[in-house]
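Dear colleague,

Please find below the structure that I am handing over to you. My findings follow directly after it.

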Amino acid sequence: MPEERQWLTGWRVYTQLADRLRERIAAGTYPPGAALPSEAELCEEFGVARNTARRGLALLEGEGLIVTVPAKGRVVTGADHAALYRYQVIADDLRRQIQQGHLPPGTALPSELALRGRYQASRNTVRQALAVLENEGLVVAEHGKGRYVRG
């Protein structure tokens, strides 16, 4: 997408790279869910070393503007969950229901089978989402009884 080469020079070039990418994200050039150019493409476009590109991307990741998704690269965050793994979408939805009080403390979560049907996901994907919530302390599992919202 480069209109022309935009060589970066001077001190702290990685911050300049982060600034340019931040501007593009704000302008909608890279909307939520869109993958950013690869490190190699950024190096070529801006005339910087790979480590410089990585440092600039790390700044944006630290700000929460982008996330690194395995096999997809660096993706712009936002309301669009298409870039996230399915288990993250499920965990986010259940977490939101707990936080908003739709699933109050002590309430049994739907069964794995019900969650599989609701989210059109595999058993392993549902279990991975539930494990995230258990690790966060939002959900507790009672052997043979199911999972409950922690009080």
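Of the 151 residues in the protein, 33% are buried, where buried means under 20% relative accessible area, exposed over 50% and partly exposed in between, with a 1.4 Å probe and protein chains only. The accessible surface of the protein is about 8900 Å², and carbon and sulfur atoms account for 51% of that surface; the areas come from the Shrake-Rupley method with a 1.4 Å probe, and for residues only the protein chains shown count as cover.

Please note that this is a predicted model, in which local features need pLDDT of at least 70 and side-chain atom pairs count only at pLDDT 80 or more, while totals for chains, interfaces and linings use all residues. Residues are numbered from 1 along each chain as its sequence is written, and side-chain values use heavy atoms, with hydrogens and water left out.

The protein contains 6 helices and 4 strands, which are DSSP runs numbered from the N terminus (helices: H or I, at least four residues; strands: E, at least two). Their order from the N terminus is α-α-α-β-β-α-α-α-β-β. Of the contacts (heavy atoms within 4.5 Å) between residues at least 6 apart in sequence, 53% link residues at least 24 apart.

Helix α2 spans residues 39–46, and its buried residues are E39, L42, C43, E45 and F46. These buried residues pack against α1, α3 (50–62) and β2 (73–76). Just after α2, G47 has a positive phi of about 65 degrees.

The axes of α2 and α3 lie 9 Å apart, at an angle of about 110 degrees; the axes are lines fitted to C-alpha atoms, for helices over the stretch in contact, and angles run from 0 to 180 degrees between N-to-C directions. The two helices, α2 and α3, are therefore roughly perpendicular, a term that covers 65 to 115 degrees. On the α2 side, E39, A40, L42 and C43 meet R50, A53, R54 and L57 of α3. The residues of this contact comprise 5 nonpolar, no polar and 3 charged, with Ala, Val, Leu, Ile, Met, Phe, Trp, Tyr, Cys and Pro counted as nonpolar, Asp, Glu, Lys and Arg as charged, and the others, Gly among them, as polar.

Lastly, Y14 belongs to helix α1 (residues 13–27). Y14 counts as buried because its relative accessibility is 13%. Beyond its neighbours within four places in sequence, Y14 contacts T52, R55, G56 and L59. The C-alpha atoms of Y14 and R54 are 8.0 Å apart, although 40 residues separate the two along the chain.

With kind regards

Conventions. Parallel < 35°, antiparallel > 145°, perpendicular 65-115°, else oblique.
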